[in-house]
Amino acid sequence: MKFDVVIIGAGLSGLAAGLRAAQFDKRVLVVERHSLWGGLNSFYKKQGRLFDVGLHAMTNYMAPGYRGPRIPLQRLTRQLRIPLQDLDIVPQHVSSTRFDDCVLPWGNGIESLAASVERAFPEERDGFARLAEALAPYPDAMNDRPWVSSRARMQEYIRTPLLREMLLAPLLFYGGAAAHDMDWGQCAILFNSIYREGLCRPKRGMRPFLKMLVDRFREAGGEMWTRAPVERLVHRDGRVAEVVVKDRPAVQADVVLSSAGWPETEGLLEPERAKPPVRAEPGQLAFVESIWVLDRDPAEHGYDDAVTFFNAGTEFRWEAPEDDIDLRSGVLCCPNHYEGTEEPSFFAVRATHLAHPRRWFEFDEETYRTRKAAAVEASRRRVEEIVGPFGAEVHATDAFTPRTVHHYTGHVNGAIYGSAAKRPTADIGLDNLFLIGTDQGLVGIVGAMLSGVAVTNAKVLNR
Amino acid sequence: MNDQEVRQIILDIIHDIAPDEDLSDVKPDVRLRDQLDLDSMDFLDIVMELRKRYKIEVPEEDYMELSTLDGCVAYLKPKFEEKGIVAASA
């Protein structure tokens, strides 16, 4: 079988890439190893309740009628011809960053964070304004750029170490693929996505959001195979000649786009390349996440945040922990604290902590279950310090570990943000094989979709 | 095919790319970029839609010809007529 484009993975980057290519009459096939689409942002049903996977919030909010410099969601809706109202997103109420007793609340729009900074750190008001201005321009999504330390650059604007840590922590939690620090360009992307444009959520959760994308992809003529894991990418003369999919006819394609991750895609190549052009190290940052279904709104305890980034102490450590999970810091969120949210139809809080990247794979089945239950309990006690005592109101609990993430995404170590090194040019040394999604360097729902669109423009439509 | 029909084809394409733009009063002799929120990627998409819908190729060196509605008419009308395209939307 022959296609113009074969896309590995029906996550958000793959669906966006597929839709963009299919809209311009390319013959497109998306192959997905699982029975459902969505990748890292999918959904599932358990005990009659519909859960979103890993969705704390969507970044890059754009209000209806937005006028101003081009922002990612505007770019995306135009390129995919999806009117903003069809995305059906609703903005957050308020989020906060809490380091011990120091609390910075922030809503959508940079003025909100600026006001909080001025209240808590009056001497940093001008420095913060200059920092925000320096980070305002988005770097080009597909240009290689030298890695520049965000921690070092931030010192030029913010003198108080605690404020630097508090500003950086949400950005690292949202897209820090490497330990300790992040690239200044990535910092600009995340700063604008989270603080300037802000947080939102599909009003009815991920299922209809994804269905809208899949429907449009199919209406544009795209084809999708589910339960269709790619076994090998056979290459010769510097090109992928054949995509071998389990129990399916072999497929040829002019271009192959892979959202499987950089080292993971390298691992599919046959023959194995003795010297890959650059060595892509698997990511080391993994998470354990728990969700508690509650019989009342946590706002009754006084907890109103959409998302809370918390840390004990003044120093934020972004690294693989030595314990099963790192309880010092985490992200806590409540899907009910958005304007006019209709789903979930139940109350819930969700908490995420850094996790040991390998240990969760080594436990035998029984130990795994015991340690997972212990991690969920410890996490609940930790976040009750912020939310209030909700333990007695819990109806149901669910959790994932790096092992779960690996199972559903194939990411080595279950690393959500993929390989530590990124490939903005999408090029991994073969003429017709390109990366999209997390390892191309854009994160989050909007970032992943933009990655799919940008690489399709460059490598499929304008070749 | 008359001038108005060519203008309408371009406005229909712009509406699909940027449904939030108000196209009720687009001046034919003023640059589209100066009256609408369109950037270079949007213009690239106009060219791609012309290729997709009408099989009309606009080489990169000619993009400037499309900067106003009047320019679009002058540049595209002969191409539409050459292909024997009858306006579908007028």
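**Figure 1. Pairing of Leu233(A) with a residue of β13(A).** Leu233(A) has Leu269(A) as its bridge partner in β13(A). The model is a predicted one, in which local features require pLDDT of at least 70 and side-chain atom pairs count only at pLDDT 80 or more, while totals for chains, interfaces and linings use all residues. Residues are numbered from 1 along each chain as its sequence is written, and chains are lettered from A and ligands numbered from 1 in the order in which they are written. Strand β10 (residues 230-236) of chain A and β13(A) run parallel and are joined by two bridges. Strands are DSSP runs of E of at least two residues, helices are runs of H or I of at least four, and both are numbered from the N terminus. The order β11-β10-β13 (chain A) describes an open sheet of three strands with mixed pairing, where two strands pair if DSSP finds at least two bridges between them. Its edge strands, each pairing on one side only, are β11 (239-245) and β13 (269-270) of chain A.

Figure 2. Just after the helix, Arg81(A) adopts a positive phi of about 60 degrees.

**Figure 3. Buried face of helix α13 (residues 402-409) of chain A.** Pro402(A), Val405(A) and Thr409(A) are the buried residues of this helix. Viewed down the axis of α13(A), they fall within an arc of 60 degrees and therefore line one face of the helix; the arc is that of the directions from the helix axis to the C-beta atoms. Their cover includes β14 (286-294), β17 (347-355), α11 (359-362) and β18 (394-400) of chain A. Gly410(A) follows α13(A) and has a positive phi, near 75 degrees.

**Figure 4. Contacts of chain A with chain B.** Eight residues of chain A are in contact with nine residues of chain B, a contact being a pair of residues whose C-beta atoms, placed from the backbone, lie within 7 Å. On the side of chain A that touches chain B, four residues are nonpolar, none polar and four charged. Here Ala, Val, Leu, Ile, Met, Phe, Trp, Tyr, Cys and Pro count as nonpolar, Asp, Glu, Lys and Arg as charged, and the others, Gly among them, as polar.

Notes
Contact = placed C-beta atoms within 7 Å. Buried ≥ 20, exposed ≤ 12 C-beta atoms within 10 Å, placed from the backbone.
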